[in-house]
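Let's take a look at how side chains meet each other in a folded chain. Have the sequence and the 3D view ready, and follow along as we go.

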Amino acid sequence: MKKLFGIGLLTLVITVASAQILTPCLNQGPDVPASSEQQLRPRSALHRSSQFAPMISYSRYSIGDEIRFGPSLILQLTVFRTRSEAIDVLGGLMLRYRSSSELIDVNDYTPLGIRNYFSRNQPTGGIRFGAGFFGLDYTFYLADGDVRPYVGVGAMLLGWPYRSGFAGTIAPDVKAGLQANLTSGFSGFVEMKHILGLPIVAGGSPPLRGFTGLAFGFAFAPRWN
């Protein structure tokens, strides 16, 4: 009798111990987290893959009283991104059309004084280097989904040729745009950006009075991440 009681008590102890060990597993299904720590841990909103965005912009800016305009080529890389915000570094250059207020070079004119912009010898004779720029932007997304409007602020370092030298400045910028997710890791967007002109300019050039560009392009997740 004592022997059976001992065996029964040992069986009960083993059963209780086993139940204590297996209890967390019995409550789990295929959709339940493996542990309470994982269950309590919020979903991370950080997207580890960065985005690379080539874009084309049509820009207009003023150096002193001279208005310049032309296309810009921009490359933008997202270095930090969550579901609601992002930090981007970007750089590019602007090509501008020659202004009628610039100094006249007689070698660029026909005998009648009419500029031959699209001659065979000079198919791009009216295009000049306008400016180069590099900057950092902070973007805040106003909605989450396939179509995402956003706003942002940042700062830009700009440089442009002036007379026989080069001039430049640092200026803040603001932007607003709309991003549309086309497929996984690929999206298109349209964006308006304005760089605020500041009176501080290095290089003796008149100040930058403002730089406005309307850009469109696409973004994709690079394979190296």
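Which residue's side chain does a polar contact of 2.8 Å join to the side chain of Lys 175?

## Starting with Lys 175

It's Thr 139: the side chains of Thr 139 and Lys 175 are joined by that 2.8 Å polar contact. Before going on, keep in mind that this is a predicted model. Lys 175 sits in strand S6. With a relative accessibility of 6%, Lys 175 counts as buried, because the cut-off for buried is under 20%.

Setting aside neighbours within four places in sequence, its contacts include Gln 76, Tyr 138, Tyr 150, Val 151, Gly 152 and Met 192. Thr 139 is on that list too, along with the charged residues Asp 88, Asp 137, Glu 191 and Lys 193.

## A network of charges

Here's the general idea: side chains of opposite charge can pair when their charged atoms come close. Lys 175 and Glu 191 do this, with their side chains meeting in a salt bridge at 3.9 Å, N to O. This pair links distant parts of the chain, as Lys 175 is in strand S6 (residues 165-183) and Glu 191 is in strand S7 (residues 186-196), 16 residues apart. Is Glu 191 buried or exposed? At 5% relative accessibility, Glu 191 counts as buried.

Salt bridges with shared partners join Lys 175, Glu 191, Asp 88, Asp 137 and Lys 193 into one network.

How many salt bridges does a search of the whole structure find? It finds eight. One of them brings together the side chains of Arg 209 and Asp 65, at 4.0 Å from N to O. Arg 209 belongs to strand S8 (residues 208-220), while Asp 65 is in the loop between strand S1 (52-63) and strand S2 (66-81), so this pair ties together parts that are 144 residues apart in sequence. Both Arg 209 and Asp 65 are exposed.

Now look at Glu 66 and Arg 68, whose side chains meet in a salt bridge at 3.4 Å, N to O. Glu 66 and Arg 68 are both buried.

## Rings that pair up

Next up, the aromatic side chains. Searching the whole structure turns up seven aromatic pairs. In one of them, the ring centres of Phe 52 and Phe 220 are 5.6 Å apart and the planes are at 70 degrees, so the pair is edge-to-face. Phe 52 in strand S1 and Phe 220 in strand S8 are 168 residues apart, so to speak a link between distant parts of the chain. Phe 52 is partly exposed, with a relative accessible area of 23%, and Phe 220 also counts as partly exposed, at 28% relative accessibility.

Tyr 61 and Phe 211 make a stacked pair, 4.9 Å centre to centre with 20 degrees between the planes. Since Tyr 61 lies in strand S1 and Phe 211 in strand S8, this pair ties together parts 150 residues apart in sequence. Tyr 61 counts as buried at 1% relative accessibility, and Phe 211 counts as buried at 5%.

## A cluster, and a charge over a ring

Rings can also gather in a group: Phe 52, Phe 186, Phe 218 and Phe 220 form one aromatic cluster.

Arg 148 lies over the face of Tyr 141, 4.0 Å from the ring centre.

Key. Residues numbered from 1 in each chain as written. Predicted model: local features only at pLDDT ≥ 70, side-chain atom pairs only at ≥ 80, totals over all residues. Heavy atoms only, no water. Helix = DSSP H or I, 4+ residues; strand = E, 2+ residues; numbered from the N terminus. Buried < 20%, exposed > 50% of the residue type's maximum accessible area, 1.4 Å probe, protein only. Phe/Tyr/Trp six-rings, centres within 6.5 Å; stacked < 30°, edge-to-face > 60°. Lys NZ or Arg CZ within 6 Å of the ring centre and 35° of its normal. Polar contact = N/O pair within 3.5 Å; in protein donor to acceptor, adjacent residues only side chain to side chain. Contact = heavy atoms within 4.5 Å.
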